[in-house]
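Me: I am new to this structure and would like to understand the terms used for it. Please show it to me, and then let us go through them one by one.

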Amino acid sequence: MAETGRLTRAAARAPMVSAVVLLRAAIILAVLAVWELLAHSGWLYRDVVPSLLRIVGALVELLGHADFYRNLGVTLGEIGAALVVGGLSGLAAGILLGANRFLARAYEPYLYYLGPTPKIIFLPVLIMWFGLGSESKVALGTLSCFFPVALSVAAGMRGIDKVLIRVGNSFRASTWQMVLKIYLPAMRHPIINGVRLGLGVALIGVLLAETKLSSAGIGFLIIQAYSVFDMPRMYAMLIVLFVLAIGANGLVGRLGGLHRIRH
Amino acid sequence: MTDVAAPATRRAGNLAPAAAGLGSLVAFLLAAEALIRGDVISRFIVPPPSEILGSFYRIATQEHILARFLLTTGECLTASIMVAVFGMLIGVIMQRYKLVQMACETWVAALVSAPFVLMYPLFMVIFGRNSWAIIMMGFISGLPPVILKTIEGISGTRKVLVDVGRSFNLSPVQQFWKILFPAALPTIFVGLRLGLIFALINIVGTEFLINFGGLGQLIEDLAERYDLAGTYAAICFVILVSVLFFIALEKVERWLRPVD
């Protein structure tokens, strides 16, 4: 009976799903058609909107070039390092603030208001501190990533079910055991949410720093393409970057099991 | 006696963390001053805090800080209004038409993590090197979270509230303004705060990168002139703008929903 109900529901959903696919296809086609129209209309400056064929050509050329992968490796390395350093320090700060009300009330307002500040403004200072190489980019990414992780973890820590904490205490768990067995598993979703946000802002921080002052990385390649007005190549790199950013974000969410949460 | 003393003790208890926070900040600045003056930290990398404090007046009078402050704030405000209006409008339309929501919501969610800021060369080509390129950068990057949270907020309205509206024979417009919108407001504000963070990052970031406009450009200018104390002071001004911006947002949120 339950099986029949499920089948009926599936059958009822089927036309909706195909309508969704059709609508998606229609939107994609419409966007591509408008793009192509703009490319050939002459309404915008020449090459601002290059034809799709030229973008695809640039994309193929880009993906077949070893230099692109070298620069991609540099950017991914910087983002990875920023995520590790910023994420771990944010996690530690978040746990500390979440566990201690006094510390939270003393220092969290500073984190709360410094969090949304655009971190790119610290780049001149970070260049002074860490030099022109990858270190300053990693530092900017770290600074960007730290705040969302710390704030999300602190809020998650305060939201842990008190029963779980009492269970841990009743088993006389040590501080480390409490962190590893109770706090971290219970805070999985806030941590993953913080890491997702942190990843987004670390990515922006690192790439912005690369576009400003760098000799390697995807940000550097993009600004190089712009300086010679090679728009198809610039679009190709933006496409690759958007796909990578969206994919990485989805992957972090999937690893944390966020896709299984029903709101 | 105890009853009279209790509120005073509570007040003192409330002030203690704030005093500790502020005290730590002052202690940090004093320690930095001592370390820099003692040549433990090079003053050519970090200027003494007293020098930074002294340069506030200088950059305020010589670098047209008020005009720059107003320009950056104006760009942020314009982008915020556009993000709020268009984000909520698109969110409401998507929530109203389920097919559109099912087709596009995952795309919008994916765009939250997209690095729009790298499109600034493109925006400069389309809009020119002016404030509109910067505002549009902020607008585009702030839009996805507001759309998503508007959908989530309206979809999450308790059924009993919607039924109350129906029982009063409210028109769809009344139903939206009297029931759905107030119920969705807390969630929408979560999206707005996120969207405005992204908008602010992109606006000041673009100003800094293209060396145009308000406070972002000032930081870039001062850094290029190697005016370290001025650079640090300008950074403090941007932090101030950011703090004021989000305090104002909180006030608007409280004004719109006075009862929690």
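**Helices, burial and backbone angles**

Reply: The axes of helix α5 (residues 123–130) of chain A and helix α10 (residues 228–256) of chain B come within 10 Å and cross at roughly 135°, where axes are lines fitted to C-alpha atoms, for helices over the stretch in contact, and angles run from 0 to 180 degrees between N-to-C directions. Helices here are DSSP runs (H or I, at least four residues), as strands are (E, at least two), numbered from the N terminus.

Me: Why is α5(A) called oblique to α10(B)?

Reply: Angles under 35 degrees count as roughly parallel, over 145 as roughly antiparallel, 65 to 115 as roughly perpendicular and the rest as oblique. The crossing is at roughly 135°, and therefore α5(A) is oblique to α10(B).

Me: Which residues make the contact between α5(A) and α10(B)?

Reply: With contact meaning heavy atoms within 4.5 Å, α5(A) contributes Pro124(A), Val125(A), Met128(A) and Trp129(A), while α10(B) contributes Leu228(B), Thr231(B), Tyr232(B) and Ile235(B).

Me: How far can I rely on the model, and how is it numbered?

Reply: This is a predicted model, in which local features need pLDDT of at least 70 and side-chain atom pairs count only at pLDDT 80 or more, while totals for chains, interfaces and linings use all residues. Residues are numbered from 1 along each chain as its sequence is written, chains are lettered from A and ligands numbered from 1 in the order in which they are written, and side-chain values use heavy atoms, with hydrogens and water left out.

Me: What makes Glu33(B) count as buried?

Reply: Buried means under 20% relative accessible area, exposed over 50%, and partly exposed in between (1.4 Å probe, protein chains only). Glu33(B) has 14% relative accessibility and therefore counts as buried. Glu33(B) lies in helix α1 (residues 2–37) of chain B and, not counting residues up to four places away in sequence, touches Pro48(B), Pro49(B) and Ser50(B).

Me: Why is Phe229(A) called partly exposed?

Reply: The relative accessible area of Phe229(A) is 32%, so Phe229(A) is partly exposed. Phe229(A) sits in the loop between α10 (218–227) and α11 (231–255) of chain A, and has a positive phi of about 55° although it is not a glycine. Most residues other than glycine have a negative phi.

Me: Is His64(B) buried or exposed?

Reply: His64(B) is exposed, because its relative accessible area is 56%. His64(B) is found in the loop between α2 (49–62) and α3 (65–96) of chain B, and its phi is positive, near 50°.
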